[in-house]
Amino acid sequence: RLAGYGARIVRLDAFAYAPKEPGEKNFLNDPGTWDLLARVKELADRRDLLLLPEIHSTYAEGIHELISSKGFLTYDFFLPGLLIDALDRSDASTLKRWIGELVDKRIRTVNMLGCHDGIPLLDLKGLLDEERIQGLIDTIVGRGGYVKDLHGAKNMYYQVNATYYSALGESDARLVLARAIQLFMPGKPQVWYLDLFAGRNNHAAVEKAGSGGHKEINRTNLGMADVLAGLEQPVVQRQLELLRFRNTFGAFGFDAACEVAHTSPERLVVTWRKDGLSATLDADLAAETFTVTATGADGVTRTI
């Protein structure tokens, strides 16, 4: 049915919880998780569909690499937190290392900024130290977010619920810069509608939803009038401009070459090349500015 609707990628939500065995931990059971995933893949392959298993685990566990090695797309749940950390510290060093790892290990990802759930934090363990992760939590909560602890246990953080715009301090410049960096990351970009429209934390919706309603902070319904008004905002127009470029310019893709330049910590320079085309992002995290240039097959370079 999904293939009949024209779907190309099917997300398997919370897939690691699917197989259940008495007495087992019931998360990422081995081999049950992978056996069931293989069965679903057989169905998907017959219909020319790609599968995107949603599995949250720490960087240190390396599950993202295991999923990729089995031929699946995997979520880049590390990027949202890494970007906020990089912008707050004006230091892209860890982000550069992560880009290099994605390229060198040929990990095919779907990446994002915000999403319908929250900003992942559990995943960052092993990529950032505990002090930096806690600082990230404190920053986002200080900007109006809510902590979601794992299974209700304190000090077992799972995610912070917030819009990405609010998590960035409700700065238009930061949101556009974050979007530009996302679009130059290895992987396929996923865009949450409310972030596109620079949505703010909706505390009233959380209060109305009651217990367990923390996710409503980033699920504000937008009517047609909201959308039309939002489309007039420069922060929205600039994101759409970047998205059109990323979606139509042929230098990007899993079969393209991606290179990160050696620069000072506050600068991030990423270049993509394919079939005689090239696109470069030159970002200054301290100044919160960037330029995007594109060179066509004719050798002509333009600024986006």
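In the predicted model, helix α7 meets helix α11 through D172, L175, V176, R179, A180, L183 and F184 on the α7 side and V235, R238, Q239, L242, L243, F245 and R246 on the α11 side, contact being taken as heavy atoms within 4.5 Å. By class, this contact comprises nine nonpolar, one polar and four charged residues (nonpolar: Ala, Val, Leu, Ile, Met, Phe, Trp, Tyr, Cys and Pro; charged: Asp, Glu, Lys and Arg; polar: the others, Gly among them). The axes of α7 (residues 172–184) and α11 (residues 234–248) lie 10 Å apart at an angle of about 10°, and the two helices are therefore roughly parallel (angles under 35 degrees). Helices are DSSP runs of H or I with at least four residues, numbered from the N terminus.

Helix α7 spans 19 Å from its first C-alpha to its last over 13 residues, close to the 18 Å expected at 1.5 Å a residue. Of these 13 residues, 11 are buried, so α7 is largely enclosed by the rest of the structure; buried denotes under 20% relative accessible area (1.4 Å probe, protein chains only). The buried set includes R174, R179 and Q182.

T33, located in helix α1 (residues 32–46), is buried, with a relative accessible area of 0%. Apart from neighbours within four places in sequence, T33 contacts F15, A16, P19 and L28.

Residues are numbered from 1 along each chain as its sequence is written, and side-chain values use heavy atoms, with hydrogens and water left out. Local features need pLDDT of at least 70 and side-chain atom pairs count only at pLDDT 80 or more, whereas totals for chains, interfaces and linings use all residues.

Terms used
Axes are lines fitted to C-alpha atoms, for helices over the stretch in contact, and angles run from 0 to 180 degrees between N-to-C directions. Angles under 35 degrees count as roughly parallel, over 145 as roughly antiparallel, 65 to 115 as roughly perpendicular and the rest as oblique. The expected span of a helix is 1.5 Å times one less than its number of residues. Buried means under 20% relative accessible area, exposed over 50%, partly exposed in between (1.4 Å probe, protein chains only).
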